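Colleague: I have a model open on my screen and would like to learn how to read it. Could you walk me through a few features, one at a time?

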Amino acid sequence: MRASETFRASVSALGANKLRVLLTTVGVVSGSFLIFVLLSVGSGTARQGTNLIRNLAPNAVVVVHGYFPSEADAGSISFSPSEMLQQMETGGQGLPLFGSSLEPEMAYQIQKKLPEGCYACPLSVDIKTVEFGGASRNVFQFATNENYPRVRGQEMLAGRYFNRSDRGRSVCVLGSYLKERVFGDVDPVGREVRVDGRRFKVTGVLEPKGMTFVVNNDDFLLVPYWVGGHLGGGKTDGFLVSTPSRDAMRRVKSICEKEMRALVGDESYTIVSEDELLALAGQATRMLEIMSAIITAVALVVGGVSIMNIMLVAVRERYREIGIRKAVGAGPAEILAQFLVEAVLMGLAGGIAGIALGYVFIKAVELLFDYPAYVSAWSVCVAFGFSLAVGGFFGAWPALKAARLDPVESLGHQV
Amino acid sequence: MIPTTQDLSTRDAERPLGSGLTPCVQLRRATRVYDLDGTEVQALAGIDLEIPREDYVAVMGPSGSGKSTLLNLIGCLDRPTSGSVFIEGSDTARLSERQLARLRSRYLGFVFQSFELLPRATALANVELPLLYQDVPPSERRTRAERALAMVGLGSRADHWPNQLSGGERQRVAIARAVVGEPRVLLADEPTGNLDSKSGSEVLGLLDRLSTQGITIVLITHDSGVAEHSRRIIHLLDGRIEREEHLPTDPASRGRAGLEGAFAR
């Protein structure tokens, strides 16, 4: 029998039981929906995570105080609250928030050793309240030095960046979003803001960098490290180094390792390069994908079982039809094909419906929660392919059963 | 590729009847034993039968005598427990399921007591069904099916669904379906069993006409009036051929001849 005829016969059989087909495919629909949504959200998150890392600085090398878990000893890290508390109190290794022994001035020492085109700045994070006029806003404050714009590759929108001539003075630079929120249309350059009550003179506004994932790159305050008054006292959380190329990045990492050993002596800091961070993020993404695969496999198996169940019922109901078809010359392969195509079509229809629903869902989430999912051809293919495979796999046994039916018995079967 | 029956017959070393024409159907000591919940039931207890081309055979016998089993064996829906069944010279025991299907598709047409039309297909689609499995292209399929329906006098009912047709009409559709593939042998299992006498005689008239056109017919019935349409009546009893009677070949004298030509086997 021609493929088109097999297809037509299967479609007509499915058409005769529309409600049943609809109910049967619910399982596959939800399975394919889950695959599609999880993959899309997963790859969206992974892409944004990657962007966040890439956005640090070009080919960044990061020096951060504290012991940063690497892949090799991931298993030995304890995440129990009590141990974390203990580490916080003792300022021990393990949490990069407290007890830094890194001096912001070390950034200059590092800078001296760096090849041309590489820039280092200290970076220390805190949360502050910025006030101007009646407006106030809680933002992240980064304490850094005059190299910051070069490290991050960022120009000024207005005014100037602080420099060494500002040494000893309370100056600050605003992110463009923060400026909009606090100053509105007022030009902030030369004006004073209050940061946690302390007066700071605004020297300039950074050009906007936009959003990365849920992070607003323009909603923060930059102050020179010498103003002090941030968490950790006169210490800094770490250093951010930009390099012109991936090769330079690896070279700079070893330069930093050597220099830091000379400067600090102990190993109370961690040095990672962008590619290592990306590898770590990739690993997390793969874990997420494996979890998604397991969840969706369960949903799809449930969908597959319902297809199998309904196909077994269909075979039983259509004993006589099978008998008739065999009597007029249908071979086992043709009967097999007919029932298999029915099951595959159900899988396919469920898959397409699931993807369509998933697409609507993702678009809705993007709109409502501003969450960037990423709809890739890959997620469509995987959802589609799995639905197809489920139809084929779980339809095979009923179809085989139909193909093997004894024609005499099936013709004698009373419906 | 599925071998044709010609290929199969030349392969068949044990070719029946070395002389003359190969009979359409030949059974040699064919038995069929069913296993019903551990009890062996012998439906056929060794049948020797030859049906030459263009023969018109009626099989009679009380229920349980093995009529349907015999028809199933001839129709390649079933295979003998022992002995052999040759269709067009091919030993059915040696053919795969696929080859049997091919044989049914090319050489055999079935007519059942309860019509067995597909309920979700129009008369035309039902008649087209065997051609579907012969890979006949759609346009030719349609033409041939329409011709077959016209032949049974239902040309105007092609688009009707089975439940819109009377019993007699359904059986005529079934006959059209059975002959649309131009089979050598038409197998009819009580074709008039569910019909009133008028529809029944219409159906029998069709079979007679097909017989004169050269189709070999094997007909199961327990109605001697129906059996008289044939040239030869085989009486089955307890899975054996009890006797065989030959009727006059002159169609005009059939029906009147009754059992006069009967002789014990």
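**Reading the model, feature by feature**

Modeller: Let's start with two helices: in chain A, the axes of α2 (residues 18-54) and α8 (residues 274-317) come within 8 Å and cross at roughly 175°. That angle makes α2(A) roughly antiparallel to α8(A), because angles over 145 degrees count that way. Please keep in mind that this is a predicted model.

Colleague: How are two packed helices described in general?

Modeller: By the angle between their axes and the distance between the axes. Here you have both: the axes come within 8 Å, with a crossing of roughly 175°.

Colleague: Which classes of residue make up the contact of α2(A) with α8(A)?

Modeller: The contact divides into 18 nonpolar, twelve polar and five charged residues.

Colleague: Let's turn to strands. How do the strands of a sheet pair?

Modeller: They pair through backbone hydrogen bonds, either parallel or antiparallel. For a case, take β11 of chain A, residues 238-242. Strand β1(A), residues 61-65, runs antiparallel to β11(A) and is joined to it by four bridges, with V64(A) opposite G238(A). Strand β2(A), residues 119-132, also pairs with β11(A) in the antiparallel sense, over five bridges. In that pairing C121(A) stands opposite L240(A).

Colleague: Is β11(A) buried or exposed?

Modeller: Five of its five residues are buried, so β11(A) is largely enclosed by the rest of the structure.

Colleague: What does β2(A) form with β3(A)?

Modeller: A hairpin, with two residues between the strands. β3(A) spans residues 135-144, and its antiparallel pairing with β2(A) extends over nine bridges. E131(A) stands opposite S136(A) there. In the turn, G133(A) has a positive phi of about 60°. β3(A) also runs parallel to β10(A), residues 220-224, through five bridges, and F142(A) faces L222(A) across that pair.

Colleague: Now chain B. What is the strand order in its open sheet of four strands?

Modeller: The order is β2-β1-β4-β5, with antiparallel pairing. The edge strands are β2(B) and β5(B), each of which pairs on one side only. Ten bridges join β1(B), residues 25-36, to β2(B), and Q26(B) stands opposite E50(B).

Colleague: And how is the six-stranded open sheet of chain B arranged?

Modeller: Its order is β6-β7-β8-β3-β9-β10, and the pairing is mixed. β6(B) and β10(B) are the edge strands, and the twist averages 20° from one strand to the next. For a parallel pair in chain B, look at β3(B) and β8(B), which share four bridges; V59(B) stands opposite I220(B).

Colleague: How many residues line the second largest pocket, and which lie nearest its centre?

Modeller: There are 35 lining residues, with R325(A), L118(B), P119(B), R120(B) and A121(B) nearest the centre. The helices α1 and α9 of chain A and α4 and α5 of chain B each supply at least two residues of the lining. α1(A) gives the most, with five residues. By class, the lining has 16 nonpolar, six polar and 13 charged residues.

How values were computed
Residues are numbered from 1 along each chain as its sequence is written. Chains are lettered from A and ligands numbered from 1 in the order in which they are written. This is a predicted model: local features need pLDDT of at least 70, side-chain atom pairs count only at pLDDT 80 or more; totals for chains, interfaces and linings use all residues. Side-chain values use heavy atoms; hydrogens and water are left out. On a 1 Å grid over the protein atoms alone, a cavity is a set of points where a 1.4 Å probe fits but cannot get out, and a pocket is an open set with protein on both sides within 12 Å along at least five of seven lines; lining residues have an atom within 4 Å of a point. Ala, Val, Leu, Ile, Met, Phe, Trp, Tyr, Cys and Pro count as nonpolar, Asp, Glu, Lys and Arg as charged, and the others, Gly among them, as polar. Axes are lines fitted to C-alpha atoms, for helices over the stretch in contact, and angles run from 0 to 180 degrees between N-to-C directions. Angles under 35 degrees count as roughly parallel, over 145 as roughly antiparallel, 65 to 115 as roughly perpendicular and the rest as oblique. Two strands pair if DSSP finds at least two bridges between them. Buried means under 20% relative accessible area, exposed over 50%, partly exposed in between (1.4 Å probe, protein chains only).
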